Amino acid sequence: MRILFLCHAFNSLSQRLYSELGARGHLLSIEFDIADAVSEEAVALFRPELIIAPYLRRAIPAAIWQQHTCLIVHPGIVGDRGPSALDWAIQEGEPTWGVTVLQATGEMDGGPIWASETFPMRQAKKSSLYRHEVSEAATRAVLKAVERFAVGGFVPTPLVAGDPSLRGRQRPLLKQAERAIDWQRDDTAHVLARINAADGFPGVADELFGEPCHLYDVCPEDTLRGGVPGQVIAWRETAILRATVDGAVWIGHVRRLDSTPSLKLPAAQVFAAPLATIPEAPLGDAFAPAGQTWQDIRYAEAGGVGFLHFDFYNGAMSTRQCRRLQAAYDRARQRPVSVIVLMGGRDFWSNGIHLQQIEAADSPADESWANINAIDDLAEAIISSDSQLTIAALQGNCGAGGCFLARAADFVWARAGVLLNPHYRNMGNLYGSEYWTYLLPKRVGAAAAQAIMRNRLPMNVAAGVAAGFLDACLAADADAFRIDVARRAAELAAAPDLAVRLQVKRAGRLADEAAKPLASYRHAELVELQRNFYGFDPSYHVARHHFVYKTPASWTPRHLAIHRDLGWTVPQ
Ligand code: COA
């Protein structure tokens, strides 16, 4: 079928549905919701059989839904309506939640239902639930709805307003007044629910050190206590610890409200000055098991395998985070393990260099340079480790340089449902580094490497395995994935041919080095990047600025809006 996506942005869910439907042979085109006239023109040009809105913030124009079947993906259970579906569900502690695919009509979220799915809730950020549970449920529901539409004859179930048998109901926008934390009364569980319900957007409006700010990235603390509720009692790396009435919570990120526009940044960086008088609570050792606390780098061992977890907010890796991770990796290499698994974080494995920190730096060009060199050093350390087998285990999505950092490992195993964006050009024609010019063609061939970089499209795990970029597609369920990874890694570590495998790995690296040293790949990439960072063309700086400040799109990129290049004309 010809299916048109109308969406606010090509976000993770839109990308997931795009790759799933594309893999089933549908011809897909995308138009961003910029103006009614633009959407109407896209419909006239593409003449879609079906329109899907995976992520839309306002109603589809009547001129479109009256003529075409338009399926809206709503992140709520049947009967739920309104713009803050998931936010309410988290804040009010719903035990289960769901996704409904309904047909657009004159009533917002009130149309008849084509499919719905439910899932158990988990204590997590809204963005994490969106990327895992919502994304999985929406994929199942949309595929079911598309199949029903294709077969024909399906009559969607009308939604009866006020049906008392439904748990879902109409709810308004969740406002800051209802999100507010009363530090003198709310216990830790309440604080966690409120910040999680607002993470990544819009955050909870609050104050720190007398300054208004939005709070994000909350994590419970098991042992550290003390202080007046609401008071900052300690800090560690990028996070700060705030007392609650019954314990304490870590706040990882904040956005100051005293300046517009402002960036979401690590809390300890934003409030570095007042933190000078507050005690640091260093973790001591990433290799020592900790209870519930804020710990962005964590190491564990089992069955001759070392597991290095690095859970960086939004998968962004700053210069310091890359350096700290490399130190932990080097230490893991000294351990008596024959396999090292790079676990990344639950939501993201890595999205490459830290664009917010770069934007906030005195010299974004210098910070870009420092950051890319730090991530390159880490990639080099992984590529050249010769006494262990290495595995990148992708629990969460991976973008740009993060994809190639993963590819630096001997094996890349991904959770089914993960999305990759193994290209850089969306960021103002950024050339990219992380040894991609060595790693990508070696895996997929020169022509496919060029196509991946040029096409700038998301890749699902099945496509990644088919292209040779990934080595295995494992369970979609996050817990099952981790169990599977541990089992397979232990098998590799215990396999009788381990020594032979390591020998083959060393020989392969030596041969590659003789053919063209790693240093030359890096040098050539950095020459290009130097132009991106310091050259005459400011595209990268402009694109990064728009990305971190979330400037609304004013047009749909050509490679997504294929209806504009098909050469079809609008019927008069
Ligand atoms: N640095 C800093 N923040 C980043 C980031 C990066 N490299 N990549 C993503 N983020 C942040 C976004 O700003 C957003 O922040 P929010 O919590 O305030 O909303 C959040 O991560 C999620 O990103 P979003 O773009 O909404 O997610 P998505 O799933 O729709 O798209 C990507 C994923 C990877 C395609 C997209 O985030 C992207 O293009 N990132 C930039 C990758 C890049 O160019 N890295 C630099 C070169 S190595």
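Predicted model: local features only at pLDDT ≥ 70, side-chain atom pairs only at ≥ 80, totals over all residues.
Local features need pLDDT of at least 70 and side-chain atom pairs count only at pLDDT 80 or more, while totals for chains, interfaces and linings use all residues. Residues are numbered from 1 along each chain as its sequence is written, and side-chain values use heavy atoms, without hydrogens and water.

The ligand is surrounded by 23 residues, counted when one of their heavy atoms lies within 4 Å of it. The closest are Lys 264, Ile 353, Leu 355, Gln 356 and Lys 550. The shell comprises eight nonpolar, 11 polar and four charged residues; Gly counts as polar, Tyr and Cys as nonpolar. Domain 1 (2-151) and domain 3 (297-534) both contribute to this shell, so the ligand lies between them. These bounds come from an automatic or database domain assignment.

Polar contacts were taken as pairs of N or O atoms within 3.5 Å. A backbone N or O atom of Ile 353 lies 2.8 Å from a ligand nitrogen. A polar backbone atom of Leu 355 is 2.9 Å from a nitrogen atom of the ligand. The side chain of Asn 314 places an N or O atom 3.0 Å from a ligand oxygen. The protein covers 85% of the 870 Å² of accessible area that the ligand has on its own (Shrake-Rupley method, 1.4 Å probe).

The count of disulfides is zero, with a disulfide defined as two cysteine sulfur atoms within 2.5 Å. For Cys 322, the nearest cysteine sulfur is that of Cys 398, 13 Å away. Cys 398 is buried, with a relative accessible area of 2%.

Conventions:
Polar contact = N/O pair within 3.5 Å; in protein donor to acceptor, adjacent residues only side chain to side chain. Buried < 20%, exposed > 50% of the residue type's maximum accessible area, 1.4 Å probe, protein only.
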